[in-house]
Amino acid sequence: MRNLSHITFVIIAALVACSDKKSTNYFTGQISYVYSYTSDSLNTDSLSGIRPSRGVFRYDTCNYQSRFTGAGTFTYYYSGKLNKCLSASGPSKEFECEDYSKETDSVISVKDYPTDEKILGHPCRILELQKKSSWVKYYYATDLQIAPATYKNHKAYNWDVYGIKANGGLILKLEHRFNKFVMSGVADSLRILGGDFKALEINESLFSAICK
């Protein structure tokens, strides 16, 4: 009986974590970015040849999918229920599973402040994160929010810090400073889709099959 109660609790918790609160209309849909690179010490053409030139993110109220193209294609499928991510390169059906409950970097300081800039017609605020290994500036929408299930337990790459500090504001522009180069990105298209939109273009049963 105790085991049955525990299983029931886990199922209910998962459903609650990924449910869309009626009082909040979270962003469900797709956003596309174009990326560029600058550097004082590296050849920017070479950088552009080995780094992504475009990115497409898909969000629903529980999961997200990100696909980067340019120097190859890399796709990441995140489950908000499991806090796990499947990744694959190119057309490969060979997936790798990563636990996103583990920090991959640490945040040293956070700054959040207003800006008059609008991107694709949406008002923004700016969130700056000084990390141990890099610095990032996000311009996030104040009128479009991704669902908490897509970020609140997502400690990998400090996505939880961004989501909590920005209240899930959809990122419309970014500047990511690494040691030897800067990656800049800006949204060039955005589609808001219905509440039944599915972010993942794979069968979710793959998570239980691969993440063991």
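**Exercise 1. Find the residue with a positive phi in the hairpin of S4 and S5, and say how many residues lie between the strands.**

Start with the labels: strands are DSSP runs of E with at least two residues, helices are runs of H or I with at least four, and both are numbered from the N terminus. The model is predicted, so local features need pLDDT of at least 70 and side-chain atom pairs pLDDT 80 or more, while totals for chains, interfaces and linings use all residues. Residues are numbered from 1 along each chain as its sequence is written, and side-chain values use heavy atoms, leaving out hydrogens and water.

Now look at the turn: four residues separate S4 from S5, and Asn 83 takes a positive phi near 55°. Next, check the pairing, which requires at least two DSSP bridges between two strands. S4 and strand S5 (residues 84-89) run antiparallel and are joined by six bridges. Within this pairing, Phe 74 faces Ser 89 in S5.

**Exercise 2. Work out how many bridges pair strand S3 with strand S4.**

Strand S3 (residues 63-70) and strand S4 (residues 72-79) are antiparallel, with eight bridges. Their hairpin has one residue between the strands.

**Exercise 3. Classify the ring pair Tyr 37 and Phe 181, and explain which parts the pair ties together.**

First, the rule: rings of Phe, Tyr and Trp (its six-membered ring) pair if their centres lie within 6.5 Å; planes under 30 degrees apart are stacked, over 60 edge-to-face, and the rest tilted. The count is 17 aromatic pairs. For Tyr 37 and Phe 181, the centres are 6.2 Å apart and the planes at 55°, so the pair is tilted. Tyr 37 belongs to strand S1 (residues 29-38) and Phe 181 to the loop between strand S10 (169-177) and strand S11 (182-192), so parts 144 residues apart in sequence are tied together. Finally, both Tyr 37 and Phe 181 are buried (under 20% relative accessible area; exposed is over 50%, partly exposed in between; 1.4 Å probe, protein chains only).
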